[in-house]
Each structure stands twice: as structure tokens, then as C-alpha cells.
Amino acid sequence: MKVLVSVKRVIDYNVRIQVKPDGSGVVTDGVKMSMNPFDEIAMEEAVRLKEKGKVTEIIAVTLGGAKNEETLRTALAFGADRAVHVKEEGEIQPLTAARALAAVVKKEGAQLLLTGKQAIDDDANQTGQMTAALLDVAQATFASKIEIEGSKATVTREVDAGLETLEVDLPAVITTDLRLNEPRYLKLPDIMKAKKKPIETVSLADLGVSPAAGLKTVTTTPPPKRSKGVMVKTVDELVAALKAKGLVS
Amino acid sequence: MSESTPVERDVMEYDVLVVGAGPAGLSAAIRLKQLNPELGVCVVEKGAEVGAHILSGAVFEPRALDELLPGWQADGAPLKTAVKRDDVYFFTSALKAIRMPGFLVPKPMHNEGNWIISLGKLVRWLGTQAEGLGVEIYPGFAAQSAIIEDGVVKGVTLSDMGVNREGERKPDFAPGMELRAKYTLFAEGCRGHIGKQLIRQYQLDQGRDPQHYGIGIKELWRVPAAQHEPGLVVHGAGWPLDLLGTDALGGSFLYHLEDQQVAVGLIVDLSYTNPYLSPFDEFQRFKHHPKIAQYLQGGERLSYGARALVKGGLNALPKLVFAGGALIGCDAGTLNYAKIKGSHCAMKSGMLAAEAAAEAIAEGRAGDELSAYTRKFEASWLYEELKASRNFGVWLHKFGALIGGAINWVEQNLFKGRFGWTVHDLKLDHASLKPAAVSSKPSYPKPDGKLSFDKLSSVFLSSTNHEEDQPAHLRLADPSLPIARNLPLYDEPAQRYCPAGVYEVVGEGSARRFQINAQNCVHCKTCDIKDPSQNITWVAPEGGGGPGYAAM
């Protein structure tokens, strides 16, 4: 069984985000980029499925500019067998990504698309779901446990009320949540080997995909600064302060 | 399993291995590939990416870059802001300053033809150039120790990943690889932890003056457009440090870069004598000086960081070579303190070592001493400029910024750097502290949250991160010394000289203990240098840990 893992290049989770002074976006110049952590979890899960003999080939895929090759090299170091780079220098909206991923899934004949439940840069949480819809296949989102048996996958999801277990027919799209696994350290020999693994480059046009333009970023602003707190001595003072702010009546 | 159980390590062999992807290491790697594209050249870097641990002022002299990559301008090197004006001030008090007329400024301090840059951005660009030439760069992997066999350096062992705080192996344990090479060039920067061991083991500092250091603390600001003068360089001596005295020396800088950015910083010589002195707090109050505040007011602080710098110059420069390798850049100590610049020196030293290594390999040699590097160095412009300013730091240490600076002016401007005398400074930085009992506590003002800030919110801006569950990478030879000796004698100065709040004395009375918050460490190495008991050893943490500087 072939599994496709979609990985996105995002600003590293550890970077303090700076908004550009003109509000046109966030500063990425000189900023550390890495693989979306939820996609790392998807990558790790694919490797574990392969180690268990459930998967025969792992193909990593990414969408974006030339530098995205680094992210694919990371995926190859994790254990992907080969990679597909959908090269697009412009902005990529979730629907564009979904269309491209659906096209790659079809082209490769993958039985399973694994991807993070969302990317930490835009937190859109849409791509996996839209891809499943475009492919007209089953979807299981926010997976915290995945088991594959024959042509079915059993997926445990974290939902507000607790854990929900779904059984889905393959092919399917599964999006991964934080507690599914802990991604391994990349070993230097694997990073060295990854440099030699093949990456195929295609364009959106090659895939017959037209970019979506439904969303427009109007402005980007930093979150408001936390204002100084006030110390109160008694419950009465607290209630009075809350009333003064109109928070209780 | 414990730390001591032997492990099977993967081994990779190269022609030349470079430890550290800074200006020296990357220049060496680039030069090697230029001289012989067939050479296998590998660079390891402890930062999570190239540039993540780089911090410098920086006014950059392009001489070495011109030689290394003459097409740098067309190839998009991030040199964007040419120096337009040089202001030098003597800060006489918290409110007053005297501007030095141009003719009184020592020659090495003139910056015509230089650029105001982010060294972090420049090394990222150098990294791309190196990779384009086929250099293999592996960031996120820290060299832990040199492999020495029969007295010959054969390469390095990388640090293990996945060891917990108690030194036990976690399920994801990954042993560090052995990287071996015909020659290994060490480019770890100031007080490199392997460089320090090599200097000791091969007695490279025999017959040289003791090395001297400073700590540089820097912030990057975005300032209102009306206060921004791209190309303006402001240097200062004096307040909050000494102008006439020699107890607390150093200097300040403020550079206007592109995009409304201003870099501001203070360098404090680690020969300071008052154990209560806090370089961090000196820097915070320095920004309130009207000559500095006028540029920063209403601005936003973008980043914070600190790094020790090596400033002993030629007199303290160790022997550069040993069997199987060499020290390059600040790992050796090639910075020119009279110019307050080290990047061009580091690059040049890397290029010279690379030339010597490439020649040796072409002759079929391996693992011997690259004495050609020393010869090339002594015949280079780098040696000439270090020789001309060899006395600068010593005069300052002996006579203070004003008088020492005046003697330097005579040497540089009247003698044009050609004079016969050499002065020596034999006092060790870690031995310079006076007892707390005879020292007075400076009263540092509370940070106002606009120009000055506390330590923790500052460290936050350095994007520093370490995997929490790993052994502390700051090792105490004797864990009892901080409380038993340093505290009564010097009020444990680590609490103050550390710019990242790593060291704390917590608890009361007999329950007092020394706490090491290793995950805060910005890898500046000041503790390794200044601890009066020389009890703290900085070792490499798990690769990828440390600060995450974007453009410092």
C-alpha cells in the first residue's frame, strides 16, 4: 500500500512571530522555517506503519517555493522513499492545496493520505477535509491512534466529549493530532542518505490544477498587548472591580 | 542504560571537516571547494540552522569577502547599508557626552568603505554559497569532543541525542556520529569548548600572553522613521563604564541598518573587578543616555542576545596548528579589538587555513601539522593589522579608556601602526574580581519597560530553547564551590555576569543552593571565562539547542 504524506514548510514553532510594520503579513526574512509539527507526526506515523509492514511505500509531498525542498529532505530523512515537490512561488490557499493533493493522490494511486490536522502558521484546518471531499473518499480527522487492517483503518479521534473510534474504508484521508506519536530524532546518517533520494518537481499546471482565489488577506495585526493587572485584597474589592468593568452585573 | 555503556557509532569520512558554520568556518569551506571541487568538505553546526547562534554588532569590513567571493554584490550578499557617518562619543555621565572630532579618532576606528550588516544574515548567505559549491552543512548537530589518536586529531564525535537529565538513555536515544577527516578546522567562535581543550592538550598558548575577553550584549530595535539615519555608526566609551579608571572597561555601539532597524549594544571587558557589576543591567541603563535614547524612543525591541568575544589580539594568539587540524577565527582569537571587528579577520584566517589544507591534501598528506597556515597567516594583511594594534587592549587595561585611547591614537595616527614596542597584560580575566566585602553595590534603576527591560523578558526575545530533559550542559567540577567559596567571597557573581539568568542562588541560610537553569543558556560562554574558581565548564548540549537568532 502506498501512503502519501503532505508536509508544509512553516515558521518554526519556537520563533517569536513579528508582524511587518505595514501589516501585509509576518516577517519571514532570516526566520527559521521547519516542517509543520503536525505533519511531522503524520510523517512519523507513516514510517511506523511501514515498519509494521502495513505500508510498502511512503511518498512525501509539499507545495511551495524552491526552499520547500529542505522540508522534503527532512521528510526523506524521516523515512519517506521519494518525494514530490509541487512548485508554486505564490500564495497557496487551502483549496489550492487540496486540489493539488487530490491530483497527486490520484496520480500516485495512494491508498492513504496522511497529513497534520492543521498547519501552525494559518491554523486553517481545512486542507485534509477538502481533499477528502474532492476525492470523494472517507476522512478521519484529529487522529490519536491509527490501526490498519486489510482495506479498513480504525482511527481514534480526540473529540470534546472524549475519544471517538471510527472505522473507515480505504482509500481515505487521515489527519493527525498531537498525541498520535512522538516524532523521532533525525539521525545524521539518515539526513546524509536523504540528500540522495529522488524528488520529482511538478507545477500546478502539470497536475491540471487551477489556484483558488477565494480568500484575501486584508491585514495582519499582532495580538493586543496584555495590559497590567491590578491586585485586589478582598473578594468585595474584586466584585466591585468586575462590576466597574461591566463584567458582572 | 547509562551514559557510560559503549555504543556503536556511525562513521563518515571527509577530506576536511569544519566545526562551526560561522564566518571563519564557512569561508574555509568555500575556499576549499574553490581550490578543489573534488574535496569532500563537511561543516557541522550546533545551532538549529546556520546563523542561529551568530551574534555580532556589526560593522563589516569587506576586504576578506572581496577576496573570497568577488561577485558578492551581484550574488545578493546582504550588505545593504554602507557606513555614512561615524560618531565617537566619550560618555562622561548619565546625561552628558563629548563628541570626538574626526582627527582625534584612531585610524582603525574609521569606517569608510565598511557596511552595517546583520552577521546572522551574512552567514546564512555564505551557507547558501557553500552548499552551492557542494559543501555538506549539517546544522543541529553539535561536536562534543575531538577524536585524538596517537596525538593526531582525526575528527570529532557529535553529541548524543535522547539522553535524559540523569544521563540515562531515552527510547529515542541516538548516538552521536563520528566524523573523521584528513584535517579538522575548528571554528567554534570565542572560547570554543573543543578549542579550549586543544589549546590545553597541545599547549598552544605556551609563551603567549593570557587571552582576554569581553561580553557583548546586543539588542535589535525597530525605530520610528524620523529617528532613523541609515548608515550612521555611533561608538562610545565611558559611562556607564569607566572613562578614567580601569575597574570596568568596555565600549558601546549603535548602528542604523536598513528597514528602520537599529542595533544597540554594550561590550564589557571581562577584566572588570567589582563582583556586583552586572553587564546586563549596565546595558539596560546605558540605553537611557540621551544620546542613545534619542534614537530608540518610541521604538520596538525585536531581539536580544549576548556573546563573549575574544580580544587579546596578536600577543595572546595561540599557536594556530596541531597535528591533524587548526584553529581558525575567534576560536583562535583573530579579532581586531582596536577596530572592534572580527568577521573579516575570521574569514581571512579560515581562507588561509583552507589554502594550506588544500595544498597538503593535493600532496597526499593527512593528519600532520599545517604549518603552511601559520606561514600564510604571518605573510598576510591580517597579521599586519593585528600587529599594528597589538597594544590597544593592553593600554586600555593599564590606563583606562581616555589615556589608553590617547596612547593608541599616537601609535595608530602618528606612527601609522609602525612602532617597535610591545606591552603585555598578564592578568587573567577570572582573577580580576575584588572580594565582595571591599566592593560597593551599584544601584541599578528598575527597567521602565520602554527602553530598559528585565532579564527574563529579554531572554524570551533570543528565542532560546533546549530540550528540557537532558543533562545540564554547564558542568561544575566541584558542585560545592558556588555556595562554599564564590558566595562568601564574591556574592557568587554568576548571578550577574550571566546575561540569560542561568545561574541563581535560591533558598535561605543553610538551605541555600546554586541553581542552574541550563535551558535559558544563550551559549555566550561568559561563565566558562569569568567564574573566579574556574569551576564551570560549558559543554555542548543536544544539537539544535540554544538561541534562535534571526538576524543578529
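Leaving aside neighbours within four places in sequence, which residues is A28(B) in contact with? Point 4 takes this up.

1. **Confidence.** This is a predicted model. Chain B has an average pLDDT of 94. In that chain, 99% of the residues score at least 70. For the complex, the predictor gives an ipTM of 0.82 and a pTM of 0.92.

2. **Overall form of chain B.** The chain has 552 residues, and a compact globule of that length would have a radius of gyration near 24 Å. Chain B has 22 Å, which agrees. Taken along the principal axes, its C-alpha atoms fill a box of roughly 60 × 60 × 45 Å. Of the residues, 57% count as buried.

3. **Make-up of the fold.** Chain B contains 15 helices and 24 strands. Consider contacts between residues at least 6 apart in sequence. In chain B, 78% of these join residues at least 24 apart.

4. **The largest core.** The largest nonpolar core holds 160 residues. A28(B), A353(B) and A357(B) touch the most other members. Helix 8 of chain B (residues 343-362) supplies the largest share of this core, with 12 residues. Now the opening question. Beyond its neighbours within four places in sequence, A28(B) is in contact with V18(B), L185(B), A187(B), I328(B), G350(B), M351(B), A353(B) and A354(B). There is also a second, separate core of 57 residues. Its members include M43(A), A46(A), F78(A) and L95(A).

5. **The seven-stranded sheet.** Chain B has an open sheet of 7 strands, in the order 6-5-15-16-17-14-18. The pairing is mixed. Strand 6 (97-99) and strand 18 (300-310) of chain B are the edge strands, each pairing on one side only. From one strand to the next, the twist averages 20°.

6. **Details on that sheet.** Strand 5 of chain B (residues 85-91) pairs with strand 6 of chain B in the antiparallel sense, over 3 bridges. One bridge places F91(B) with its partner A97(B), which sits in strand 6 of chain B. Helix 5 of chain B (residues 279-286) lies across strand 14 (213-222), strand 16 (250-256) and strand 17 (261-269) of that chain. Helix 5 runs at about 135° to strand 17 of chain B.

7. **The hairpin of strands 22 and 23.** Strand 22 of chain B (residues 503-506) and strand 23 of chain B run antiparallel and are joined by 4 bridges. E504(B) stands opposite Q515(B), a residue of strand 23 of chain B. Between the two strands of the hairpin are 6 residues, and G507(B) takes a positive phi near 85°. Which residues form the covered face of strand 23 of chain B, and which the uncovered one? In this strand (residues 513-516), F514(B) and I516(B) form the covered face. R513(B) and Q515(B) form the uncovered one.

8. **Cis peptide bonds.** One joins G57(B) and A58(B), with omega about 5°. A58(B) lies in the loop between strand 2 (41-45) and strand 3 (59-60) of chain B. A cis peptide bond also joins W239(B) and P240(B), again with omega about 5°. P240(B) is placed in the loop between strand 15 (232-238) and strand 16 of chain B.

9. S463(B) is a residue other than glycine with a positive phi, near 50°. The loop that holds S463(B) runs between helix 12 (455-460) and strand 21 (474-476) of chain B. S463(B) counts as buried because 23 C-beta neighbours lie inside 10 Å. H523(B), also not a glycine, has a positive phi near 60°. H523(B) sits in the loop between strand 23 and helix 15 (526-530) of chain B. Is H523(B) buried or exposed? It has 27 C-beta neighbours inside 10 Å, so H523(B) counts as buried.

10. **L122(B).** This residue lies in helix 3 of chain B (residues 119-132). L122(B) counts as buried, because it has 27 C-beta neighbours inside 10 Å. Not counting residues up to four places away in sequence, L122(B) touches A77(B), P78(B) and I117(B). How far apart in space are L122(B) and E166(B)? They are 44 residues apart in sequence and 39 Å apart, C-alpha to C-alpha.

Terms used
Residues are numbered from 1 along each chain as its sequence is written. Chains are lettered from A and ligands numbered from 1 in the order in which they are written. This is a predicted model: local features need pLDDT of at least 70, side-chain atom pairs count only at pLDDT 80 or more; totals for chains, interfaces and linings use all residues. The radius of gyration is taken over C-alpha atoms; the globule rule is 2.2 Å times the number of residues to the power 0.38. A residue is buried if 20 or more other C-beta atoms lie within 10 Å of its own, exposed if 12 or fewer, and partly exposed in between; C-beta atoms are placed from the backbone. Two residues are in contact if their C-beta atoms, placed from the backbone, lie within 7 Å. Two strands pair if DSSP finds at least two bridges between them. pLDDT is the predictor's confidence in each residue, from 0 to 100. Axes are lines fitted to C-alpha atoms, for helices over the stretch in contact, and angles run from 0 to 180 degrees between N-to-C directions. A nonpolar core is a set of buried Ala, Val, Leu, Ile, Met, Phe, Trp, Tyr and Cys residues joined through C-beta atoms within 7 Å.
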